[in-house]
Amino acid sequence: MTRAITSTLLSPEEGGPVKRTVLPSGLRVLSQSVPGFRSVTFGLWVGVGSRDEPEQLAGATHFLEHLLFKGTERRDALEISAAIDAVGGEMNAFTGKEYTCYYARVLDTDLPLAVDVICDMITSATLTDTDVESERDVIDEEIAMHADETSDHIHDLFAEQLWGKSPLGRSITGTPESVAGLSRRQVVGWYRRRYKPSNIVVSVAGNVDHADVVRLVRKAFERHWVTAEAEPAAVRRGSSRRVPTYGGVRVHHRDVEQAHLVLGMPGLVRSDDRRYIAGVLHGIVGGGMSSRLFQEVREKRGLAYSVFTFGSAYADSGMVGVYAGCLPKKAPEVLDVIRGELEAIAQGNITPDELLRGKGQMRGSVVMGLEDTGAKMTRIAKAELVYGELPTVDEILHRIDSVTLDDVTQLAAELYAGTPALTVMGPFKEDTTAFSL
């Protein structure tokens, strides 16, 4: 491949235009033109996440994400942030288990600046010893802050319980011990091995012209990276052997006023065609104020302020779960009600009205979730990086509308029959006698 290859993924009639260009280096550039908007969201996605780290590098991907904001050959940390602040834009980044994203939202006229700043961070970060040591302290503070947010921290503890020592079970940030053990040499080595054009997807949405975006990105990368021709990295696929999961009960003592419970079990992998059925099931069980769990746990019994379902799907594993926050004395009863409702749903007592509400909720979240340039940017990036397909919105709505009562019942019976794991946090003794599955 000696030249850039451009194709149209979605035409204007299909909700586009969405265009894709593959540069000779394997770098992919996608854009969705939305002429009625005056803002643009520019995202740069790298196909590396915390699950890719060997145990001795736990937390390196997140550490690197922080460090890339510390300075480049052309800008120090203040100049990086000031450049975007000066035009009223916003810039940030996040690390996931299977990818990392850096993004900026600016006025359409300031897109060249956003491309230059973020690509400069990615291609010419200095990663000095001083920056590594100062940011190590910042990450320690972030880990401590997250641990204090008990309603968030329990989800990390649940992942650790469900997936055990697998990288999926580890916190994205790493631990204070693993972060303390990371040297500059290790982080720089991780950067050089993983941050390659063939492993990067650039995604832009808003009032943009695709050819202009490609020109800006190509110029920004070629300023610092001279690379050989390469094919784009393939979509991450799971093997035939799923990541092992574990059940049981684990209680974490914490002197807090509210108890936190997460009950979950294995879910669908990302490529499973039944993900639309799972989305409808989520709406029925715990996705809104009319959901079964919200009504039974909060409205009818007043047992908890917060109760909802959640889930995640990866290339070779997935999980579904229920979270509830309640007074410690009510925790056993809350657990009993949740388990009872999941069993009832798995046995097929979902009503046609619940099915309609679940489908309607999912349809609304799909359409209304794409009402800004950030959501559009994310959608086309994930289509390229993790899904390998970009269905039109109409196709997604059709898949949702096609879900039947039998579909939902069969999936519920399969998922809720999985070996459950229960994670509890609160002012309890660290034993399992008060809770059982």
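Me: A salt bridge is a side-chain nitrogen of Lys or Arg within 4 Å of a carboxyl oxygen of Asp or Glu. Which residues here are linked in a network of salt bridges?

Reply: First, this is a predicted model: local features need pLDDT of at least 70, side-chain atom pairs count only at pLDDT 80 or more, and totals for chains, interfaces and linings use all residues. Residues are numbered from 1 along each chain as its sequence is written, and side-chain values use heavy atoms, with hydrogens and water left out. Side chains of opposite charge can pair when their charged atoms come close. The network links Arg74, Arg75, Asp116, Asp120 and Arg223.

Me: Which residue forms a salt bridge with arginine 236, and how many residues apart are the two?

Reply: The partner is aspartate 52, with the closest N and O atoms 2.8 Å apart. Arginine 236 sits in the loop between helix H8 (210-222) and strand E8 (248-253), while aspartate 52 is in the loop between strand E4 (39-46) and helix H1 (60-67); helices (H or I, at least four residues) and strands (E, at least two) are DSSP runs, numbered from the N terminus. So the pair links distant parts of the chain, and the separation is 184 residues.

Me: Is aspartate 52 buried or exposed?

Reply: Buried means under 20% relative accessible area, exposed over 50%, and partly exposed in between (1.4 Å probe, protein chains only). Aspartate 52 has a relative accessible area of 18%, so it counts as buried.

Me: What is the relative accessibility of glutamate 135?

Reply: Glutamate 135 pairs with lysine 70 in a salt bridge, their closest N and O atoms being 3.3 Å apart. Lysine 70 lies in the loop between H1 and helix H2 (77-85) and glutamate 135 in helix H4 (residues 129-148), so the bridge ties together parts that are 65 residues apart in sequence. Lysine 70 is partly exposed at 25%. Glutamate 135 counts as buried, and its relative accessibility is 7%.

Me: Why do the buried residues of H14 lie on the same side of the helix?

Reply: The buried residues of helix H14 (residues 393-401) are Ile396, Leu397 and Ile400. They share one side of H14 because the arc they cover around the axis, taken from the directions from the helix axis to the C-beta atoms, is only 100 degrees.

Me: Which helices do the buried residues of H14 pack against?

Reply: The face turned away from the buried side of H14 carries the exposed residues Asp394 and His398. Packing here rests on contact, meaning heavy atoms within 4.5 Å. The partners of the buried residues are helix H9 (275-286), helix H12 (352-368) and helix H13 (373-387).

Me: Which element gives the most to the lining of the second largest pocket?

Reply: On a 1 Å grid over the protein atoms alone, a cavity is a set of points where a 1.4 Å probe fits but cannot get out, and a pocket is an open set with protein on both sides within 12 Å along at least five of seven lines; lining residues have an atom within 4 Å of a point. This pocket is lined by 21 residues, with His146, Asp152, His155, Asp156 and Ile172 nearest its centre. H4, helix H5 (150-163) and strand E10 (306-313) each supply at least two lining residues. The top contributor, with five residues, is H5.

Me: What is the volume of the largest cavity?

Reply: Gly283, Ile284, Ser290, Ser291, Arg292, Glu354, Arg357 and Gly358 line this cavity. H9 and H12 are the elements that give two or more residues to its lining, and the largest share, three residues, comes from H12. A volume is the space filled by probe spheres set on the grid points, which are joined across faces, edges and corners. For the largest cavity, that is about 40 Å³.

Me: What is the omega of the cis peptide bond that joins glycine 16 and proline 17?

Reply: Proline 17 is found in the loop between strand E1 (5-10) and strand E2 (18-22). The omega of its cis bond with glycine 16 is about 5 degrees.
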